Amino acid sequence: MKKAFRLKKKSEIDAVFQQRQAVKSEFFSIYFTNKEQELFKYALSIGRKYGTAVQRNLMKRRIRMIVQQNQEMIKKSMQFVIVIHPKSSGLSFKKINEHIVRLLKKSNIMEIK
């Protein structure tokens, strides 16, 4: 996934959180906003309570892969932040994929085809 798709600045991420549009599940939360731009942008947030650095990086790589696999269906005008809760540490890749895709569809970030 190209770095052009990532929200990098703290001010950009804070702006998404201030919109307070969110969908949540037991394992993940997605905060999102609609902004006119060429590419969608996203960020991942995972706390230190999740586990070791290796476990946190593994989860971030998995979620980046899920977003990359579904980038064709994600609306270009969206900015979103995926917050990863510590409860999700025991999930398999398949379950993570199901939860993330379900939340993306529920929030209308992903077009349903």
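## Where two helices meet

In this predicted model, M59, R62, I63, M65, I66 and Q69 of helix α2 touch F93, I96, N97, I100 and V101 of helix α3, where contact means heavy atoms within 4.5 Å. Of the residues in this contact, eight are nonpolar, two polar and one charged. Here Ala, Val, Leu, Ile, Met, Phe, Trp, Tyr, Cys and Pro count as nonpolar, Asp, Glu, Lys and Arg as charged, and the others, Gly among them, as polar.

How are α2 and α3 angled? Helix α2 (residues 53-69) and helix α3 (residues 93-106) pack at about 55 degrees, with axes 10 Å apart. That makes α2 oblique to α3; angles under 35 degrees are roughly parallel, over 145 roughly antiparallel, 65 to 115 roughly perpendicular, and the rest oblique.

## Aromatic rings

Let's turn to the rings. There are five aromatic pairs, counting rings of Phe, Tyr and Trp (its six-membered ring) with centres within 6.5 Å. F40 and F80 are stacked, at 6.1 Å centre to centre and 15 degrees between the planes; planes under 30 degrees apart count as stacked, over 60 as edge-to-face and the rest as tilted. This pair joins distant parts of the chain, 40 residues apart: F40 lies in the loop between β2 (28-34) and β3 (41-46), and F80 in strand β4 (residues 78-84).

F40 counts as buried because its relative accessibility is 0%, and F80 is buried at 0% too (buried is under 20% relative accessible area, exposed over 50%, partly exposed in between, with a 1.4 Å probe and protein chains only). F5, F40, Y42 and F80 form one aromatic cluster.

## About the model

Residues are numbered from 1 along each chain as its sequence is written, and side-chain values use heavy atoms, leaving out hydrogens and water. Because the model is predicted, local features need pLDDT of at least 70 and side-chain atom pairs count only at pLDDT 80 or more, while totals for chains, interfaces and linings use all residues.

Terms used:
Axes fitted to C-alpha atoms, helices over the stretch in contact; angles between N-to-C directions. Helix = DSSP H or I, 4+ residues; strand = E, 2+ residues; numbered from the N terminus.
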